[in-house]
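This report walks through selected features of one model. Each section takes up one topic.

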There are 2 protein chains.
Amino acid sequence: MRITVLAGGVGAARFLRGLKQAAPDAEITVIGNTGDDITLFGLRVCPDLDTVMYTLGGGIDEEQGWGRAGETHHVRAELAAYGASPDWFTLGDKDFATHIRRSQLLAAGQPLSAVTEALCQRWRPGVRLLPMSDDPVETHVVLAGPGLADSGLADSGLAGSGGRAVVHFQEWWVRLHAEVPAAEIIASGAADAEPAPGVLDAIGAADVVLFPPSNPVVSIGTILAVPGIRAAVAAKTVVGVSPIIGGAPVRGMADACLTAIGVATSAAAVGAHYGPGLIDGWLVDDQDKAAADDPDLAGIEVRAHPLYMRDLPATTAIARAALDLAAELAPGHP
Amino acid sequence: MRITVLAGGVGAARFLRGLKQAAPDAEITVIGNTGDDITLFGLRVCPDLDTVMYTLGGGIDEEQGWGRAGETHHVRAELAAYGASPDWFTLGDKDFATHIRRSQLLAAGQPLSAVTEALCQRWRPGVRLLPMSDDPVETHVVLAGPGLADSGLADSGLAGSGGRAVVHFQEWWVRLHAEVPAAEIIASGAADAEPAPGVLDAIGAADVVLFPPSNPVVSIGTILAVPGIRAAVAAKTVVGVSPIIGGAPVRGMADACLTAIGVATSAAAVGAHYGPGLIDGWLVDDQDKAAADDPDLAGIEVRAHPLYMRDLPATTAIARAALDLAAELAPGHP
């Protein structure tokens, strides 16, 4: 069985751990979001790819959900002593090594997909991990309104005339905790990006495409913004797992992203945002089971299941429910 | 009083600490060797500049003589886990931060001299530290003969036809411990390099130019190989401190370098190698005082003084002896 998963960071990585348990014999290809990527201190950092790689490879800081277990922070402290900015993005010493190695290979001319494969030769995540694209795509956030003045950015030179500022997603997410409302979220470079080698093939060859409980805007949405990917996905049996439970994101600040694109923070609204043209099945939490009767979800098979990924057995059960739903929806199923 | 010093690594850095004590009111400019510089893991490493900067700035590992005090080695271990080479060059986590910052600023288009100044804003070494050149110069070592076969390099693909291999100085020095005889030592790129901004001015404006007990071939010799520097130095009152005591280098493997250029490992031979056209005074250790009568040193004022830099007072006394000799030799002295 071939399963292809569009993946953001922490939620996707944990879901994938369950998926590997639920389908131990499946060939799993993970298409990772690279819109969160950022160049820090001259080094290329790919947070979502690394979170998947570290989590499945056994190197993740379990409590934090990202970064390496048992980290020290000497490099970061030294860079701060040199006055290097930014000081709001936390990278541990072990994590730095990944970014040094990645940057070295990129500078040597290797595309990100080849570099990711090289890094995975160490981590052996048990899935094939592909960046959505080898071309640089960066998610930018347009800030405006009263929140901007309070953010300090208005005085930082980042804010342009007219009281608007455009910041990298990470600056909004990590530095500003998404507390300044986003007026717009832009997958900068996506329109000109090509899917990385293997991406369209992996989607085309998949028996099922899964959306794990990742951010529908800046993770799944960014991957779908790469020309060719949305159409390839739409042609398949697609089952999504809602990242929203009971009107709130399980983790992260997806609500702030959904608000920016005018989508309500509810399991039903996110399912409807994807729409029946893209997804076939939508797994919601038991407390959101009313979504099954939501007219906005007409054409999408909605199932309820406990969606909190409390531990590996619970997560495995979620993955199994998604696969069961996909099997039902697959062409040729009785 | 203006003092300009041509500097290698550990020996120079320790001498400079004494010089600052001996001449607390002097304006000291240090012209650092960059021929040892190497790009590792995509990061630019400047061992001699850093040794001077860390030593004078209070960050050096005192026992080792290079690198940072209190180092950890997480980044290095991780890079090894990724299979990144080389594995024979030790960089600690704090040290990595310096190379990350330097590489970031270089990539942003700043010349090495400006980058070095920026790094020194943190370390405040109490001297003006200039790289000899902003242009890349790398010391390469030609290996040949029976030692090459034993080194393992002959099988590594580095050895070309005819049983010769050309390696970076650091590979010869650190990996091979200079145990394979050098057939030739080449300051690659030196002929096309220009002195960094401020270098010729600092030499021209100096009341005295000092050669600390640095390697006469790959440290002082490489600096002098940058067009314009030797002539500028030769026009000044120059006093050198012998790095050879009793027929052996105090530290390092200068003997292997001297052999490669056909110079004996003795205080007298090194003084004669510089020659009266370049240096005016030559400070040797008490046990080498016979050099004063060596006809090869005719035209050079030789003085004996205890030259082991056992501690700061001993080192300060050495620096003072060098300055005293320079004062005697200065034009206009009675």
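Where is A:Arg124 found? A:Arg124 sits in the loop between α5 and β5 of chain A. Helices and strands here are DSSP runs (helices H or I, at least four residues; strands E, at least two), numbered from the N terminus. Phi of A:Arg124 is near 45 degrees, a positive value in a residue other than glycine. A:Arg124 is exposed, at 66% relative accessibility. Exposed means over 50% relative accessible area, buried means under 20%, and partly exposed lies in between (1.4 Å probe, protein chains only). A:His177 also has a positive phi, near 50 degrees, and is not a glycine. The place of A:His177 is the loop between α7 (169–175) and β9 (182–188) of chain A. With a relative accessible area of 44%, A:His177 is partly exposed.

Cis peptide bonds come next. One joins A:Ser85 and A:Pro86, with omega about 5 degrees. A:Pro86 lies in the loop between α3 and α4 (93–107) of chain A. In chain B, the peptide bond from B:Ser85 to B:Pro86 is cis, with omega near 5 degrees. B:Pro86 belongs to the loop between α3 and α4 (93–107) of chain B. Most residues other than glycine have a negative phi, and most peptide bonds are trans.

## Basis of the model

The model is predicted: local features need pLDDT of at least 70, side-chain atom pairs count only at pLDDT 80 or more, and totals for chains, interfaces and linings use all residues. Residues are numbered from 1 along each chain as its sequence is written, chains are lettered from A and ligands numbered from 1 in the order in which they are written, and side-chain values use heavy atoms, with hydrogens and water left out.

## The sheet of chain A

Seven strands of chain A form an open sheet. Their order is β5-β2-β1-β10-β11-β14-β15, and the pairing is parallel. Two strands pair if DSSP finds at least two bridges between them. β5 (128–131) and β15 (301–304) of chain A stand at the edges. Each has a single partner strand, so one side of each is left without a neighbour in the sheet. On average, neighbouring strands of this sheet are turned by 20 degrees against each other, direction ignored. Axes are lines fitted to C-alpha atoms, for helices over the stretch in contact; angles run from 0 to 180 degrees between N-to-C directions.

A:Ile31 has A:Leu130 in β5(A) as its bridge partner. Helix α12 (residues 267–274) of chain A packs on the sheet and touches β10 (208–211) and β14 (281–284) of chain A. Contact means heavy atoms within 4.5 Å. The direction of α12 makes about 160 degrees with that of β14(A).

## A buried aspartate

A:Asp50 lies in helix α2 (residues 47–57) of chain A. At 4% relative accessibility, A:Asp50 is buried. Leaving out residues up to four places away in sequence, A:Asp50 touches A:Thr55, A:Asp95, A:Thr98, A:His99 and A:Arg102.

## Salt bridges

A salt bridge is a side-chain nitrogen of Lys or Arg within 4 Å of a carboxyl oxygen of Asp or Glu. The count comes to 20 salt bridges over all chains. One of them joins the side chains of A:Glu78 and B:Arg68 (2.6 Å, N to O). This pair crosses between chains, from helix α3 (residues 74–81) of chain A to the loop between α2 (47–57) and α3 (74–81) of chain B. A:Glu78 is buried at 8%, and B:Arg68 is buried at 7%.

B:Glu78 and A:Arg122 also meet in a salt bridge (2.5 Å, N to O). That pair crosses between chains too, from helix α3 of chain B to helix α5 (residues 112–123) of chain A. B:Glu78 is buried at 8%, whereas A:Arg122 is partly exposed at 24%. Within chain B, B:Glu27 forms a salt bridge with B:Arg2, the closest N and O atoms being 3.7 Å apart. B:Glu27 lies in strand β2 (residues 27–32) and B:Arg2 in strand β1 (residues 2–7), so the pair ties together parts that are 25 residues apart in sequence. B:Glu27 is exposed at 52%, and B:Arg2 is partly exposed at 41%. Shared partners join A:Arg68, A:Arg122 and B:Glu78 into one network of salt bridges.
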